[in-house]
Amino acid sequence: THFGFKTVPEESKESLVKNVFNSVASSYDVMNDAMSMGVHRLWKDDFVSSLKPGRKGPMKCIDLAGGTGDVALRILDHARENYADRETTVDVVDINAEMLKEGYKRFKKTMYHNTPQIAFIESNAQALEQFPSDTYDLYTIAFGIRNCTSIPDVLKEAYRVLKPGGTFACLEFSKVNNPLLNMLYDQYSFSVIPIMGTILAGDRESYQYLVESIRRFPSQPDFAKMIQDAGFATGGNFEGKGGAWRDLWGGIACIHTGVKV
Ligand code: SAM
């Protein structure tokens, strides 16, 4: 198998992505910690707490490309710990059953197991036919949208399943604007990460693919434009500060939000 994705035709990208995450599912959480040196936890904490789930009462949430449930767990914990809310629900949706299985196993050890607060559902973010329109208050997608073949299709479906007034929120790797930081980051991701992938997960190609997919993802303003094109309002909705996005660590990651109007 060769994951030099430039040679991979678009139509096979989906099965490619499926294979990538199949082969890394069991080591995914360990690798996430190793590669980002634990920083992905801080970003996810920041992402979820800035959305304040539960503040205005229980919410119906859907977490796309939810993988092993990192974001879902934070949403439920945030609502419970800050607003004593045990009625907020999260549907964790992922294209890959292996990732969902890991998530299910993990939730078994939490108080949410066997409650209506959490569900794991296999589906493609680009075609959420099994989910009715105007259903959710909050749609989250963390480190998932760049793996999708068609970002506009993902956004279109996000818009459809959200209630009017509902929030779309995306956490994703993005573009680093500082040239020095960008140079260091390039060094790190193109040399260190594939080596870590080889040593820790025995899988260099999957991690090489992940690094390359980050490089291909649109810049902050370009992605914001795509969110607007899908119909979302992106101005002035982020913690009242305005603006469609907020950079984390100089743009290594970024949070984009939009509201369904
Ligand atoms: N959100 C989780 C997190 O932040 O830890 C998982 C992120 S993981 C890097 C990306 C996930 O996207 C994988 O679980 C993968 O199976 C999923 N994925 C890729 N393409 C998808 C698609 N078209 N629809 C739904 N999920 C997809």
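## Buried residues of helix H7

Ser 189, Ile 193 and Gly 197 are the buried residues of H7. A residue is buried if 20 or more other C-beta atoms, placed from the backbone, lie within 10 Å of its own. An α-helix has 3.6 residues a turn, so residues three or four places apart point the same way. The cover over the buried residues of H7 includes helix H2 (28–36) and helix H8 (204–216).

This is a predicted model: local features need pLDDT of at least 70, side-chain atom pairs count only at pLDDT 80 or more, and totals for chains, interfaces and linings use all residues. Residues are numbered from 1 along each chain as its sequence is written.

## Course of helix H7

Helix H7 covers residues 179–201, and its 23 residues should span 33 Å at 1.5 Å a residue; the end C-alpha atoms are 31 Å apart, which agrees. The expected span is 1.5 Å times one less than the number of residues.

At Val 192, H7 bends by about 30°, with the proline Pro 194 following within four residues. The bend is the angle between axes fitted to the seven residues ending at a residue and the seven starting there. After H7 comes Gly 202, with a positive phi near 60°.

## The whole protein

The protein has 9 helices and 8 strands. These are DSSP runs, with helices (H or I) of at least four residues and strands (E) of at least two, numbered from the N terminus. Of its 261 residues, 41% count as buried. The C-alpha atoms fill a box of roughly 45 × 40 × 35 Å along the principal axes.

Note on methods
Buried ≥ 20, exposed ≤ 12 C-beta atoms within 10 Å, placed from the backbone. Contact = placed C-beta atoms within 7 Å.
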